[in-house]
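Please look over the chain shown below before reading on.

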Amino acid sequence: MKITDVEVIQFRTSRQGRGETTSSIIRISTDEGVRGHMPGGDKARVEGFFKGLLVGEDPLNSEKIWHRMDQRCTTSRGQGELDMGQVDCALWDLKGQIAGMPVYQLLGGTREKVEAYASTAPDLGGPEVYTDLARSCVERGYRAFKIHANIFRNPHTRESVRQQPGFPREDVEICRAVREAVGDDITLMLDPFGVYTLEESLWVARELEELDFYWLEHPMVETRVEAYRKLTEQTQIAICSPEHVGGGPFARAEWLLQRACDMVRTDVNYGGITGCWKLINVCQLYGAQCELHYVGAPHLHLEAAAPQATCRYYERGLLRAEIDYEWVPPHLTALADPMDDEGFVHVSQEPGLGIAWDWDYIEANRLD
């Protein structure tokens, strides 16, 4: 079997609360008619850069293809790393179609459902807004709740601001209110998205330790590895990072070596399923957790393939009171991450990634 084409399908769809938008899907085709798909992909980069690396290759040799893509991204100063990850996910969907198995079973498989946490949108308002959302999430079934507080908006004037400076005292006020609202049995986390200084991060970490928060995620700009090492060394709460550092699993393995984090953070935009799986196994060997960032079928399959002690949670969001997360966009026939009443997301048992595309809708709304 050989890869014959790599293309990006662009189409009109709609997003809840935002009206019509444009979306895209990477498609990898073979000479035997089997295809793999993954949401996303920049058309110019995928068809102009990565296509030439894949056409003519056996899709089952995804490790060979991954290293070739990684080398090309490295020599081009990391350009296309996001698209590389998405192409790799499409390859895994293709391999699942060939094998007639879901991706998590191809990787090994440990479980069919993963505990989810509710992940809020940022800048929702004052503590009362977050406490109301936290209570509704607990009623829905979530047993864990992550706060994105004041990141791009001044909480006093409501004016837009750059990422820094942060508002650590106002953020801790929200965290304290949420803990009081949901009680001691709900797991809580905070993600400030890099807005704090080292001194602010140390202060926030110690406040969160008193509130029994599970982790503090990405509190500082992630180019400050030495600052992260000092923060990790001087605090008890788990520091979860790096979230947005280029270099895929290689860079994150270095963070572990430097003891700049307690938990490693990554997603398929930094190495695809192949890169994430490499990092997950490194974390397992060293007894560290590898928590995957944000939503998506690839993350759910990776987590279902990994032990709970290494990948505990699936991030579900970003949530706000006026958004119905159970809403299915028109280009799908079902959600990729359906959650039960006990807060567990169930992985698809369909071949590949199991994304329920509505191809009639997509073809009727194609832009290319």
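Helices (H or I, at least four residues) and strands (E, at least two) are here DSSP runs, numbered from the N terminus. Counted in this way, the secondary structure of the chain comes to 12 helices and 12 strands. The radius of gyration, taken over C-alpha atoms, is 21 Å, close to the 21 Å that the globule rule (2.2 Å times the number of residues to the power 0.38) gives for 368 residues, so the chain is as compact as a globular protein of that length. Along its principal axes, the C-alpha trace spans about 60 × 40 × 40 Å.

This is a predicted model, in which local features need pLDDT of at least 70 and side-chain atom pairs count only at pLDDT 80 or more, while totals for chains, interfaces and linings use all residues. Residues are numbered from 1 along each chain as its sequence is written, and side-chain values use heavy atoms, with hydrogens and water left out.

Of the 368 residues, 52% are buried, meaning under 20% relative accessible area with a 1.4 Å probe and protein chains only. A nonpolar core is a set of buried Ala, Val, Leu, Ile, Met, Phe, Trp, Tyr and Cys residues joined through side-chain atoms within 4.5 Å. The largest such core has 99 residues, and Ile-28, Leu-54 and Ile-147 have the most contacts inside it; its largest share, 7 residues, comes from helix α3 (residues 81-99).

Leaving aside neighbours within four places in sequence, Ile-147 is in contact (heavy atoms within 4.5 Å) with residues including Thr-120, Tyr-130, Asp-191 and Phe-213.

How values were computed:
Buried < 20%, exposed > 50% of the residue type's maximum accessible area, 1.4 Å probe, protein only.
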